[in-house]
Amino acid sequence: VGVSSGGNQTFTMTPVTGYHVDSLIVDGANQGQLTTYTFTNVTVSHSISAVFAINQYTITASAGPNGSIAPNGTTVLIYGSGQAYAMTPTAGYHIDSLLVDGVNQGQLATFSFVNLTANHTIRAVFAINQFTILASSGLNGSISPAGAVTVNFGLNQTFVMLSALNYHVDSLFIDGVFQGQPISYTFTNVTIGHTIRVVFAINQFTITATAAPNGSISPSGAVVLNFGLNQSFAIAPGANYHIDSVVVDGGNQGQITAFTFTNVTANHTISALFGINQFTITSSAGINGTISPAGAIIANFGS
């Protein structure tokens with residue numbers, strides 16, 4: 001480029017897209033990354049050389065606790081290139097959110113930058129897995145806690161069954177399987193969802209009714225009765241027998257033909273005993289002789 005003595009000459013350095021001025025060499029000396037340069041009051045010959053380099057960008061990757069991102073840290077990449085990232089939660093955790101340049105991209109497990117033209121950030125956030133235990137109960141009682149109970153991965157959760165007055169736990173079902181009649185149950189190290197359901201039943205009591213030979217009691221045997229109900233028993237002797245005694249819970253009630261338990265709240269026993277009918281033969285003798293046996297002679301029926 002010819003320049004008249006004492007004249008000025010300006011040069012402009014223009015990189016192509018994706019490149020930048022790396023250095024400007026004027027008369028062999030690096031002037032930095034200038035995009036324009038002016039020779040002023042030119043009195044000698046000069047040289048000017050522009051060197052260009054491809055743009056480079058950084059992607060800064062990070063991960064919160066309980067997981068990782070790969071590659072991690074700062075990755076330097078050139079213009080137009082790309083970079084893939086993989087997010088991996090630790091056991092019992094999941095990807096909660098993926099933030100790219102501060103914007104939530106959702107729960108992605110992979111993400112790729114393509115055709116880079118700027119710097120970026122990428123951050124993975126992880127959260128513990130949570131599971132739901134659905135707890136329910138039948139009538140006449142409750143379960144605590146109830147409803148949809150959320151439990152973090154690996155933790156325990158205890159449920160308590162509370163029966164209404166005069167009721168009891170009849171059955172407990174865990175994931176549909178009968179577990180008996182416990183009043184509490186603990187899920188340990190929860191790693192999946194579950195169901196728990198408790199069913200209650202009214203308290204029941206047994207009245208054991210027996211009769212000795214030569215008579216009957218009705219009903220007889222083990223009579224099961226719900227809490228608070230009444231139960232009557234009828235006692236009948238056999239032919240030519242009579243009721244000797246009716247014993248209720250060890251106490252003699254006499255020669256009654258019926259007995260009623262009212263408002264039953266405990267187990268009981270009732271037992272009927274019978275005796276053969278007896279008759280009196282009164283024997284006597286006049287003077288000058290005897291009769292044997294004499295007096296009031298008691299004899300059993302038919303003897």
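Two strands count as paired if DSSP finds at least two bridges between them, and a strand here is a DSSP run marked E of at least two residues, numbered from the N terminus. Keep in mind that this is a predicted model, where local features need pLDDT of at least 70, side-chain atom pairs count only at pLDDT 80 or more, and totals for chains, interfaces and linings use all residues. Residues are numbered from 1 along each chain as its sequence is written, and side-chain values use heavy atoms, with hydrogens and water left out.

**Strands side by side**

Let's start with β25, which covers residues 231-237 and runs antiparallel to β28, joined to β28 by four bridges. Across this pairing, F233 sits opposite F259 in β28. What do the two faces of β28 look like? Strand β28 spans residues 258-261, with F259 and F261 on a covered face and A258 and T260 on an uncovered one.

Now look at an open sheet of three strands, in the order β3-β2-β5, with antiparallel pairing. Both β3 (29-30) and β5 (48-54) are edge strands with a single partner strand each, so one side of each has no neighbour in the sheet. Strand β2 (residues 19-26) is held to β5 by seven antiparallel bridges, and V26 faces I48 in β5.

**Rings that meet**

How many aromatic pairs does the structure hold? There are 11. Rings of Phe, Tyr and Trp (its six-membered ring) pair if their centres lie within 6.5 Å; planes under 30 degrees apart are called stacked, over 60 edge-to-face, and the rest tilted. Two of the pairs are set out here.

| Pair | Centre to centre | Angle between planes | Type |
|---|---|---|---|
| F11 and F39 | 5.8 Å | 85° | edge-to-face |
| F279 and F301 | 6.3 Å | 50° | tilted |

Why does the F11 and F39 pair tie together separate parts? F11 belongs to β1 (residues 9-12) and F39 to β4 (residues 36-39), so the pair connects parts 28 residues apart in sequence. F39 is also buried, at a relative accessible area of 8% (buried means under 20%, exposed over 50%, and partly exposed in between, using a 1.4 Å probe and protein chains only). Ring pairs also link F11, Y37 and F39 into a cluster.

The other pair links distant parts of the chain too: F279 is in β30 (residues 278-283) and F301 is in the segment after β31 (295-300), 22 residues apart. F279 is partly exposed at 46%, and F301 is partly exposed at 37%.
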